[in-house]
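Hi everyone, thanks for making time. Please have a look at the chain on the screen, and I'll walk you through a few parts of it.

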Amino acid sequence: MVGIVSTYHQQDWVNDIQLAKEKGITGFALNIGVDPYTQDQLDLAYAAAESVGDFQMFISFDFNWYKPDDTSGVATMMKRYVDKPAQLLVDGKPFVSSFIGDGFNWKACAEIVGREIYAVPFFQPTSEHANDPGVSGLFSWAAWPGQLDNQPLKANMTLDRDEAYLDVLDPAGKQYMAPASPWCE
């Protein structure tokens, strides 16, 4: 996951993508808010990925900034990138994700975009979310021990959160995107 900042230039994106590829990384999730530089930076990121080649991107909408009823704003941003050569496709559909945003209407978003999307947002693991017709799966943001309950780092190193997602997604026939993060003590 890469956060979008205002100070990057095209070569910065190219350098980061080349370095990532050298380390075996094949794509970036681009976490975005509603900052005035976001679209320009997304343009640079997608263009850099295309110029480097064999590298994919997808947008992760940060619902700390977007509002769950801003379907038009999310769809407008998506439409700009869904047909880019570097856009990650799953089952031929542009992949998209989010940080929080429970209740966002991904089905209505796809209708505005004008094509099916492969939405795997960070919604809570509930049957309601798993059965949402607009999502293809869910993912958990809990990639760090203790993150969700503010416990010491080694206090909750379990698969309980993953299993909660699998318990609601498997019956719905939906995918689970597990989080992974480097962790140093």
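Let's begin at Ser 136, which sits in the loop between helix H5 (127–130) and strand E7; helices (H or I, at least four residues) and strands (E, at least two) are DSSP runs, numbered from the N terminus. A quick word on the source: this is a predicted model, so local features need pLDDT of at least 70 and side-chain atom pairs count only at pLDDT 80 or more, while totals for chains, interfaces and linings use all residues. Residues are numbered from 1 along each chain as its sequence is written, and side-chain values use heavy atoms, with hydrogens and water left out.

So, is Ser 136 buried or exposed? It is buried, with a relative accessible area of 14%. By buried I mean under 20% relative accessible area, with exposed being over 50% and partly exposed in between, using a 1.4 Å probe and protein chains only. Leaving aside neighbours within four places in sequence, Ser 136 is in contact, meaning heavy atoms within 4.5 Å, with Ile 117, Tyr 118, Ala 119, Lys 174 and Gln 175.

Step along to Gly 137, in strand E7 (residues 137–139). Gly 137 counts as buried because its relative accessibility is 0%. With neighbours within four places again set aside, Gly 137 is in contact with Ala 119, Val 120, Pro 121, Leu 169, Lys 174 and Gln 175. Take Pro 121: it and Gly 137 are 16 residues apart in sequence, and their C-alpha atoms are 7.2 Å apart in space.

Now to the helices, and H4 (residues 106–113) to start. Which residues of H4 are buried? They are Trp 106, Cys 109, Ala 110 and Val 113. These cover an arc of only 100° around the axis, so they lie on the same side of H4; the arc is that of the directions from the helix axis to the C-beta atoms. Covering the buried residues of H4 are, among others, strand E3, helix H3, strand E5 (93–99) and strand E6 (118–121).

Two packed helices are described by the angle between their axes and the distance between the axes. H3 and H4 pack at an angle of about 50°, with their axes 9 Å apart. The axes are lines fitted to C-alpha atoms, for helices over the stretch in contact, and angles run from 0 to 180 degrees between N-to-C directions. H3 and H4 are therefore oblique to each other. For the cut-offs, under 35 degrees counts as roughly parallel, over 145 as roughly antiparallel, 65 to 115 as roughly perpendicular, and the rest as oblique. H3 passes H4 in a right-handed crossing: right-handed if the near helix is turned clockwise from the far one by less than a right angle, left-handed if anticlockwise. On the H3 side the contact is made by Thr 71, Ser 72, Val 74, Ala 75, Met 78 and Lys 79, and on the H4 side by Trp 106, Ala 108, Cys 109, Ile 112 and Val 113.

Let's move to H2 (residues 38–52). Its 15 residues should span 21 Å at 1.5 Å a residue, and its end C-alpha atoms are 21 Å apart, which agrees; the expected span is 1.5 Å times one less than the number of residues. Buried in H2 are Thr 38, Gln 41, Leu 42, Ala 45, Tyr 46, Ala 48 and Ala 49. Their arc around the axis is only 160°, which puts them on the same side of H2. On the face turned away from that buried side you'll find the exposed residues Asp 40 and Ser 51. The cover over the buried residues of H2 includes helix H1 (10–22), strand E2 (27–32), strand E3 (56–62) and helix H3 (71–81). Just after H2, Gly 53 takes a positive phi of about 85°.

That leaves H1. Its buried residues are Trp 13, Val 14, Ile 17 and Ala 20. Seen down the axis of H1, they fall within an arc of 130°, so they line one face of the helix. How do H1 and H2 pack, and at what angle? The angle is about 50°, with their axes 8 Å apart. That makes H1 oblique to H2, and H1 passes H2 in a right-handed crossing. Just after H1, Gly 24 has a positive phi of about 90°.
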